[in-house]
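Subject: Structure handover

Hi,

Here is the structure I said I would pass on. Have it open while you read, and I'll walk you through what turned up.

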2 protein chains.
Amino acid sequence: MFPLSRLALMATTILTMTVVGCEAKDVPENKTVNHKVETTTEIAINPEIQVLADIALNGSHGYDITRSLTTQIGPRLAGTPQEANARIWAQDKFKELGFANIRTESFPVKGWARGLESATIVQPYPQNLVITALGGSVATPTGGIQAPVAYFENYEALIDAPIGSLEGKIAYVSGKMIKHRDGAGYGPANQKRRTGATEAAKRGAVAVLIRSVGTDTHRMPHTGQMRYDETVKKIPIAALSAPDADQLDRIFAMDTLNSGKIDKSKDVEIKLHLDTRDLGEKTSGNVMAEIRGSEKPDEIILIGAHLDSWDLGTGAIDDGAGVGIVMGAAKVLMESGLKPKRTIRVVLYGSEEVGLVGAFAYAKAHKDELGNHILATESDFGAGRIYAIQAGDTDANIAGVSAMAPEFSFLGIEPKQGDTNGGPDIIPLNAAGVPTVRLNQDGTDYFDLHHTPDDTFDKIDPQAMQQNVASYATLIWLASESNSNFRDK
Amino acid sequence: MFPLSRLALMATTILTMTVVGCEAKDVPENKTVNHKVETTTEIAINPEIQVLADIALNGSHGYDITRSLTTQIGPRLAGTPQEANARIWAQDKFKELGFANIRTESFPVKGWARGLESATIVQPYPQNLVITALGGSVATPTGGIQAPVAYFENYEALIDAPIGSLEGKIAYVSGKMIKHRDGAGYGPANQKRRTGATEAAKRGAVAVLIRSVGTDTHRMPHTGQMRYDETVKKIPIAALSAPDADQLDRIFAMDTLNSGKIDKSKDVEIKLHLDTRDLGEKTSGNVMAEIRGSEKPDEIILIGAHLDSWDLGTGAIDDGAGVGIVMGAAKVLMESGLKPKRTIRVVLYGSEEVGLVGAFAYAKAHKDELGNHILATESDFGAGRIYAIQAGDTDANIAGVSAMAPEFSFLGIEPKQGDTNGGPDIIPLNAAGVPTVRLNQDGTDYFDLHHTPDDTFDKIDPQAMQQNVASYATLIWLASESNSNFRDK
């Protein structure tokens, strides 16, 4: 019914696509470019996986689900009516797709609203800057804050500043994030977002501006959650878009352009206005549904994504794509007619962006059945192609995932060393001993869009979504049928 | 002093760069890519032009001037204090660079301010849209306008709607602009921007939203001047960013997704708020300076650019780059020690964006010397490389420019058929019989940034600026030395 040769050909095509990818930006302009690609590999595919792949690679379940969420709901910030609408959407969508045991589990979350926001260079060169408040930031006092700016080339330089040295000043923390396929530049670049306000306040600052944690060159500021130390004064913090950070850097360097040096003594003054509001306790929730297992229904294979998004975009790559991928993969398994032995549970977490609130709520609500959680993972790194499969950190987890890994090679997916926590919302489960797995996506361009107004549905490639859905459908089928429990005795 | 072999090699490199340009987006992903480039051409260069090219291609006058304008002034909307600051900047910069006859010629312009602006889909799927008012648009009434939306796939469809058919509605005009190297998609796409408000008002509409006239896929609305017909009711008009127009298109198609059709009967309601203000008469001005001709000082070679910009970006590609290119080219000629026979006049026009106001003011103020304007051109199409030289529409103009054209080939520039008006601000001179020439830039990506917040200095390639400056320096030298008057007797 699904001849092997046809799928083998499809697999070859996919592998070729991964190999070629002529990236103009990496090609020196005056060099001869010469790509030769051999495409003779033939890969045999397990017949059940053939069935799943044929449905996934020719269908559009994942893409359609993501389109529906990002269009019919749009932005869905934690604790807002929009996030509540997304929960209703999720319940309806699960029902429409034929899932079992559809339910929402509510939990409280701290509400926060952005409001109007603006920043203006008052001197030496008056002009507006494009900024956005970081999630959780306090507002500026009525009328805004106008103050001289202290320049720091990066987070480390801020940390090096003496206590008291920033009295009455706005601290500006520059520093670019490096682009990596696996997003490795995010952690280091993110320090200034997470704790910049506290560190600057300790030194006397009245507000903080950071260069956005992102890799694009557009006038798009990147928001994201920040944290206060409750023992330190809370000061407002906002992110500048990359071109605006470049502009501020240039202004500090304007008198020393030929040397390329920054003149930290330069008298730059900014007026900042953030109208954020703490809305107090609000309601959020996780929405979940299942394909019940035919032989071991109490054993759970959990695939998750998060339903909430930041307010600026429509949460397409973060994480509407993940929602489409995991719901779509389970739907493909249903359509295939295959009956998984274990239960497949799809969990759409609420309030991930503001601190994994839904993830901790799930771990708490399900603590008595975590021993039956066989394997857990989340799709939360955009809509790029999957290139690797990675296991958690125990011998049994590694052995179980390694046994499945060769079955993914027709999709261009190879085993990857190093353990995974399974994804952001899986961290509390991982901490409680639930085995994890991760299908690693190509995130080279992920931080161009992440947490910006530009995170919209048009950025998603339908073919990459098909490959993701095929990969997750393969994963849940293999994990359901596996003889392994993925955990050390 | 400037050995031929060195410059010939440089020219070869530039040509090669034009030929290669492996563009990933044009390469089918599963095809083998194989570029072979032969780079054996040797081009002899006129010794004076060698001198100019060596300074321009190894220097950064154009890039530095553009950096200074876009950083130290930033946005400079017609008739604002920022535009006035830009005139002071221009006078100071001309002086610093050693120009003669520096002067500003003032004229009145209608002032306009943007203010706060917002649009929200009220139903069926509540969410905010990213918009910006078109230049000159009236404000919405206090409290904004909330109304059902009438969908039009393009400007032609709006024109086809019967008079009275849009009573109480917001007209939404969709339709994508096509990308071309020469910007040929701009004219057709721009109809809805220019006269959309009047045509919709004639049919009873209360406001208009258009898909931005642009070619990007970012959350960046494109502003630009609109015009009212004084005999028709003035209604507010704003542009949606491309992703927001996609979103609105998807909402209209949401119930018919599988057919891909738009459901025009869909009940979509939007609330629009524009807080624009007519500021009455303000002052603008043209700033100009010269290199006086050594033999025929009354004969003028005019190279222009415009000093004003839209308010959203810092006017880097539109038209800070042009300002840097023409000022930089004249500075290169000064530095070379070559003495042009004719006068080189650099004109930085004010209030171009709002309707060529400075261009008409210049033509009026200089009407008595237009007979001595030998050749005129403007750099106002971004910072991309120049690929062609084009003449005006008379036999003498064509003959004069054709005689110079071969001298540009070392820069990768070839003659182009079809006449030119010389650039936007040269239109009134061209109409008065002044011969024109145009150095055509590659504008493939120009309309990605044009009139958006994203028009910032970081988008400019310093090497492309060098090639532009070298080209304009070559042009003014050759035009100064030419025996032609470029005009029919």
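Start with the hairpin in chain A: three residues link strand 2 of chain A to strand 3 of chain A. Keep in mind throughout that this is a predicted model. If you want a pair to click on, A:Thr120 sits opposite A:Asn128 in strand 3 of chain A.

A:Pro124 is found in the loop between strand 2 and strand 3 of chain A, and the peptide bond leading from A:Gln123 to A:Pro124 is cis, with omega near 10°. What about chain B? There, a cis peptide bond joins B:Gln123 and B:Pro124, with omega about 5°. B:Pro124 is in the loop between strand 2 (117-123) and strand 3 (127-129) of chain B.

Back in chain A, strand 2 (residues 117-123) also pairs with strand 9 (residues 269-274) of chain A, in the antiparallel sense and through six bridges. Here A:Ser118 faces A:His273 in strand 9 of chain A. A bit of background: strands of a sheet pair through backbone hydrogen bonds, either parallel or antiparallel.

Chain B shows both kinds of pairing around one strand. Strand 8 of chain B pairs antiparallel with strand 4 (residues 131-133) of chain B over three bridges, and parallel with strand 7 (residues 207-211) of chain B over four bridges. Which residue in strand 8 of chain B is the bridge partner of B:Ile131? That would be B:Leu240, and B:Leu240 is also the bridge partner of B:Arg211. In a regular strand the side chains alternate between the two faces of the sheet. You can see this in strand 8 (residues 237-240) of chain B: B:Ile237 and B:Ala239 point one way, B:Ala238 and B:Leu240 the other way, and all are buried.

Further along chain B is an open sheet of three strands in the order 15-14-16, with mixed pairing. Strand 15 (414-415) and strand 16 (437-441) of chain B form its edges, each pairing on one side only. Strand 14 (residues 386-391) of chain B runs parallel to strand 15 of chain B, with two bridges between them; in one of these positions, B:Ile389 has B:Pro415 as its bridge partner. Helix 13 (residues 462-481) of chain B packs on this sheet, where it touches strand 14 and strand 16 of chain B. Helix 10 (residues 395-404) of chain B lies across strand 14, strand 15 and strand 16 of chain B, at about 145° to strand 14 of chain B.

Now for a pair of helices in chain A. The axes of helix 3 (residues 61-72) and helix 8 (residues 316-336) of chain A come within 7 Å and cross at roughly 135°, so helix 3 and helix 8 of chain A are oblique to each other. The crossing is right-handed. The residues in this contact divide into nine nonpolar, seven polar and one charged.

Are they buried or exposed? A:Asn101, in strand 1 (residues 100-113) of chain A, is exposed, with 12 other C-beta atoms within 10 Å. A:Phe486, in the segment after helix 13 (462-481) of chain A, is buried, with 26 other C-beta atoms within 10 Å.

Cheers

Methods: Residues are numbered from 1 along each chain as its sequence is written. Chains are lettered from A and ligands numbered from 1 in the order in which they are written. This is a predicted model: local features need pLDDT of at least 70, side-chain atom pairs count only at pLDDT 80 or more; totals for chains, interfaces and linings use all residues. Axes are lines fitted to C-alpha atoms, for helices over the stretch in contact, and angles run from 0 to 180 degrees between N-to-C directions. Angles under 35 degrees count as roughly parallel, over 145 as roughly antiparallel, 65 to 115 as roughly perpendicular and the rest as oblique. A crossing is left-handed if the near helix is turned anticlockwise from the far one by less than a right angle, and right-handed if clockwise. Ala, Val, Leu, Ile, Met, Phe, Trp, Tyr, Cys and Pro count as nonpolar, Asp, Glu, Lys and Arg as charged, and the others, Gly among them, as polar. Two strands pair if DSSP finds at least two bridges between them. Two residues are in contact if their C-beta atoms, placed from the backbone, lie within 7 Å. A residue is buried if 20 or more other C-beta atoms lie within 10 Å of its own, exposed if 12 or fewer, and partly exposed in between; C-beta atoms are placed from the backbone.
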